[in-house]
Amino acid sequence: MRIADFTQIHKDDVFIAGGKGANLGEMTAAGIPVPKGFVITADAYREFLKENNIDEIILRVLTEAQTDEQALLSAVGTFRKKIIIGHFPAQLETEIRNKYAELGEAARVAVRSSATAEDLPDASFAGQQETYLNVQGIEDVLLQIRHCYASLWGERAVRYRFNQGYNQSGVAIAVVIQEMVESEKAGVLFTVNPVTQNKDEIQINASYGLGESVVSGRVTADSYIVNKSGDVLEVTIGSKETQIVYADKNTKEESVSEEKRTARALNDTEIAALLSAALKIEKHYGMPMDIEWAIQKNEIYILQARAITTLKNNDDEKLVQEYLKGSKLTRMMKQNMAFQFEKMPFAYRALDFDYMLAINNQKARIFAEGGIVFNSNPVIDDDGIQTLPENKKGFTLRIFHIFKIIRMLKNFDYCVEVCKNFMTQYEQEIAHIKTLDFENMSLAECTAFMERSYVLTEKLAYDRFKYALFPSFLMSKKFTKIIQRVDTNYSAFDFYWELNNKTAVVTNAVSRIADTIRKNTALTEAILSGERFNTLCADFPAFKQLADDFIKENGFKSDYNCYCIEAKTFIEDPYRLVNIIRPLLNTADTSDQHSHDNKNYTDLIQQLKRIYGNKYPRIEKDIQRFRYFHVVREESQYLWETLFYYVRQCVKRINILLLNSGDYKNGIANLFHRELLEVLKAGYISDVYKEKIARRNEKFPLAGKVWEASKLLVFDSKGDVLKGVSGSPGTAVGTVRIIRTPKEFYKMQKGDVLVCHLTDPEWTPLFKLASAVVADTGSALSHAAIVAREFNIPAVLGVGFATAKFKDGDLITVNGNKGEVRSCADASGAF
């Protein structure tokens, strides 16, 4: 069946009509007022692909890409282009023309995508495929059907299916052709209160014109909370500045009068009618529903209905609380975890957790050498679920060694010499690892590498902490005292100005690339329009050369440097480079990075010479060593990022050998390191370990929820003022720009306040644009603090919930002196 009326379709026809089409047919059969229409089925889509030989292209790409998300995303643009220029089989086109004619000559219709995995109970695909409103004339209808087909291969939809584990080759799309309702009012309705999850209440969002303004979030709609007995419990009047209405073709947005903006969009009679329809739909489906509705000439129409997929699982919530029960954090532990969450923003898989321990255990080891018991590591159980550290602290008899260790840490000459020696040694080891052939390794060779990589991680982290970071931290107050003779707002970290460390190298390289690209108008426009990395390389050889040179020098820089398994380098995900460059192309020339606000290291040193006179030569030597330790901090981290890249190659090889799949994240990454070594030495995965992999995979979503809930114990989420630590002094007022991942870098504009969960070196170019920085996690030693000082902008870190409290466009005041952030609506007299 290629075309079906709503009257011919029911809820079980998802694989024919898609989720949207099946629901419209089901509601039509149940007597719910649904505008007339028909569905061009998924079979017609498959026939269209076959007619244009596109099915063969898609199958080939999916086979080659397998679990390589980047390769898949690079190809989908080609799918879309071929679909849009394709032609319908003659008989199918005739049937569509005839069916559209039945709705009336030049009927106004909505052309809506209806994916065969959409609107199912376990997935929220809403909004990932396209809808076209007020389409008139058969030629436009045929064009928009092809656009709907193409939207199945939009990047957002493909990425979502990939991350949710859906079979890309199994998904298809139907298209709904439905009469338009020229509504005076429209909106959405939830048959359960989505905030409190009270099942005895519904929430209605309403505004004027077509419902697209509410669904797309273009207006702040009215909100009505109504109990299921019909009592209106709460009314919140939205601003409703605009409405979407019919244009001669498609739709247009127009202003709403002041009188209508301040008035309720719905009266009590309309609310009662919507409640009645909602209860009928909820009863019919037997579950909470998300409903799109419209009102035309006092008549209620239901445009869509789907199961609400975002409700919390109460069983999971109980389990989360069980894991957190009894957790008590001291003030010191909270401060430590505010920093730790920056390095550990999301839950680890078992193998990843062990590589994190290989790094983090070294701090506890060094403390233990001085008789101090201090453990900042999260705890993980056999299900792979992490909870906050146990409050272990105290002293041992080795405390008498502490003074000897402190003397050693203060001996900068000795520590520098050790650093130079171990950096040379580890660079040689990494160079050797680069020569290994991971694609053809035997299990025995993989075993040897996995053993060696873990020991190497431990040794590298131990030397880095003991001989570079600990001396810097121990002596930071001394250097703060020295530099504050120049300016009392300075701290020891301001000695890092113009330092040629790995972060600065990457940042300067990115700036130079942006400056070069800006001279090429066509290339600039291609990047700003969101063109894929592979397409840019193919269309612009100059860009490919720039990217190749950058990756050759900085390719192992990863997005999450304290994750081994989950991290990705520029080599693995080169599109990250485009994400970083894009916001810089909207600004003036970015060259001369260090010209910002008198942050001139040479001038600083000259002032210190004048202040300290004869004492200066010894001070200068210590400053140079202090700066060198920061270089070691950055370069050693790059070494383990490089090592982790090769660990992933080895883990992938092991997974192929043992499980015949490259998908190691759902495979052997769910074994702890010691368990993996046992498997490797046995040469196969026993049933015991297969069960562990399956169980930890199943529990991994719960692990993420527990880790997120743990943050509520660390950060204060109450009150109007968010309080954290001062990362960089100063006060700024600016517009909030929420950036959650590098994929959102493009949103950043000059003068915005960067509000994020965390930053790492990859984020440094954004500091060029920011007027201030606010981060949920972090401390005075964080990347964000150091770079914000370099750029002379205020930063407040470890505030906990800035990314949840604020939204894009909010105006906030950032006080880096007090470590406070607040909305400007609350800011009068606060500073």
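These entries cover the cavities and their linings.

**Entry: the model.** I am working from a predicted model.

**Entry: the count.** How many cavities of 30 Å³ or more are there? I found 5.

**Entry: the largest cavity.** I looked up its volume and noted about 210 Å³ of space. I then listed its lining, which has 22 residues. Closest to the centre of this cavity I found Asn 501, Thr 503, Ile 786, Val 787 and Glu 790.

Which elements give two or more residues to this lining? I noted α18 (502-518), α24 (616-659) and α28 (783-791). The largest share comes from α28, with 6 residues.

I sorted the lining of the largest cavity by residue class. I got 8 nonpolar, 8 polar and 6 charged residues.

**Entry: the second largest cavity.** I noted about 110 Å³ of space here. I counted 13 lining residues. Which of them lie nearest the centre of the second largest cavity? I wrote down Met 333, Phe 374, Asn 375, Asn 391 and Lys 392.

Helix α12 (residues 331-343) gives the largest share, 4 residues. I sorted the lining of the second largest cavity too. I got 5 nonpolar, 5 polar and 3 charged residues.

Terms used:
Residues numbered from 1 in each chain as written. Predicted model: local features only at pLDDT ≥ 70, side-chain atom pairs only at ≥ 80, totals over all residues. Heavy atoms only, no water. 1 Å grid on protein atoms, 1.4 Å probe; cavity = no way out; pocket = protein on both sides within 12 Å on 5 of 7 lines; lining within 4 Å. Points joined across faces, edges and corners; volume = space filled by probe spheres on them. Nonpolar A, V, L, I, M, F, W, Y, C, P; charged D, E, K, R; others polar.
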